[in-house]
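Here are my notes on this one, meant for someone opening it for the first time. Have a look at it, then go through the points in order.

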Amino acid sequence: MKDRYGSDVLSSDPHRTGSYAHRPTVRDEPAELGLVVEDVETGWVGAVTAVEKSGGMHVVVLEDRAGRTRTFPLGSGFWVDGKPVHLVPPARRAAPRGPVTAGGRRLTASGSIAVDTSRARVARASRIWVEGRHDAELVERVWGDDLRVEGVVVQLLEGVDNLAEVLADFAPGPTRRAGVLVDHLVAGSKETRLVQEALGTLGRSARHVKVLGHPYVDVWQAVRPERVGIEAWPDVPRGTDIKVGTLAALGWPHADQADVARGWKRILGTVRSYRDLSPALLGRMEELIDFVTEVPEQG
C-alpha cells in the first residue's frame, strides 16, 4: 500500500501537495493570450484574449468556442488543466527601441516622430471604431503611440451590424467626429449595405462621420503574407470560418478558440511597423486619424 504521508511527515503537507491532496496549493499563472481558463464559480471556459485595467483592478477577458466573451477579475477561482490557479497579469516585456531617424530621433511603429511626454493627453470627444478585438490590437501595435499623443480613443464596434446603434448613441457633431474602420468594405458586400443604411439614418449628422474599409474579409489578411512565411493568404471557402480556415490552410492548430487566439498572437507578433501591413489598411487608418483630429477640441 502506498504511504500517502511519505517517509518524512515534516517535509511537506500531504493535504496541499501530492496525489492525495484535497486542498492543493494554488500556483500563480500568468494570464497569457491563448491560455484556456475555467472560472470555477460560473463554469465559463474560454481562452484569454485580453488583460486590462478596469475600475482600478485587473480583469481578464475570456472568449469561449462560440466567440462569446466574458470578463472576470484576476485572482483566485480559476482552473487551468484541471488544477486551481491564481491568475496574475502577464509579465511586461521590455519594448524594443525601434527605428530612429538619421538624427537619432525615435520613430513610432507608424513611421511618425515619437513625442516623449509624461503627461497624459485628455481624450478627444471624437472617436474611432474598429470592428473587433483583433482589429484593435493591430491598430494599437502600429498607431498606438500616435493615438495617445492625439488623445484619440479607439473603441470596439463588435461587428458592423451594430454601426447604426453605436452612431445614434454617439451623436456625432462638428467637434465630435466618428471614424469607423470596417472589414470587407467592397461593392455589393453585406458590410457596404449596412454602412449605407446606418449613414442614412443620421441625416445631416452623417457629414461628421467617415466610414472607411479595407477589402479583406478579416483584418488578419491586412498583414503582409510574407511576414508569416507565405506568398499569399489562403482562399478560404465560403461557409468556413475565415480564421479557422486560415489556420487550417497554414497547417497551424485550429481545433478551438484557444488555437485561434494563439494563431492571432503568432501573426500579430510578426508586425513590427507599418511596413508589415498592406497599403489598403494603412491609407484608410491614416485618413481616419486625420479626420477625427482636424477639428477643434471642445474646451
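1. Let's start with a detail to look up: which residue in β10 is the bridge partner of Arg127? It is Ala178. That bridge belongs to the pairing of β8 with β10 (residues 178-182), which is parallel and runs over four bridges. Bear in mind while you look that this is a predicted model.

2. Now the overall picture. The protein chain has 299 residues, of which 42% count as buried. Its secondary structure comes to six helices and 11 strands. Take the contacts between residues at least 6 apart in sequence: 62% of them join residues at least 24 apart. As for the surface, the chain exposes about 16,900 Å², and carbon and sulfur atoms supply 50% of that.

3. Back to the sheet around β8. It is an open sheet of four strands, ordered β9-β8-β10-β11, with parallel pairing. At the edges sit β9 (153-156) and β11 (209-213), each pairing on one side only. From one strand to the next, the twist averages 20 degrees.

4. On its β9 side, β8 is again held in a parallel pairing, with four bridges. Which way do the β8 residues point? Arg127 and Trp129 go one way, Ile128 and Val130 go the other, and all of them are buried.

5. Next, the nonpolar core. The largest one has 32 residues, and Ile128, Leu138, Trp143, Ile267, Leu277 and Leu281 have the most contacts inside it. At least two residues each come from β8 (127-130), α1 (133-150), α4 (242-250), α5 (257-268) and α6 (279-293). The largest share, seven residues, is supplied by α6. As background, nonpolar side chains in soluble globular proteins tend to be buried together.

6. Leaving aside neighbours within four places in sequence, Leu138 is in contact with Val219, Val223, Trp264, Leu268, Val271, Leu277 and Leu281.

7. Thr293 is found in helix α6, and a polar atom of its side chain lies 2.7 Å from the backbone oxygen of Ile289. Not counting residues up to four places away in sequence, Thr293 touches Arg124, Glu150 and Val152.

8. Ala171 has a relative accessible area of 44%, so it is partly exposed.

Terms used
Residues are numbered from 1 along each chain as its sequence is written. This is a predicted model: local features need pLDDT of at least 70, side-chain atom pairs count only at pLDDT 80 or more; totals for chains, interfaces and linings use all residues. Side-chain values use heavy atoms; hydrogens and water are left out. A nonpolar core is a set of buried Ala, Val, Leu, Ile, Met, Phe, Trp, Tyr and Cys residues joined through side-chain atoms within 4.5 Å. Buried means under 20% relative accessible area, exposed over 50%, partly exposed in between (1.4 Å probe, protein chains only). Contact means heavy atoms within 4.5 Å. Two strands pair if DSSP finds at least two bridges between them. Axes are lines fitted to C-alpha atoms, for helices over the stretch in contact, and angles run from 0 to 180 degrees between N-to-C directions. A polar contact is a pair of N or O atoms within 3.5 Å; within protein, one must be able to donate a hydrogen and the other to accept it, and residues adjacent in sequence count only if both atoms are side-chain atoms. Accessible areas come from the Shrake-Rupley method with a 1.4 Å probe; for residues, only the protein chains shown count as cover.
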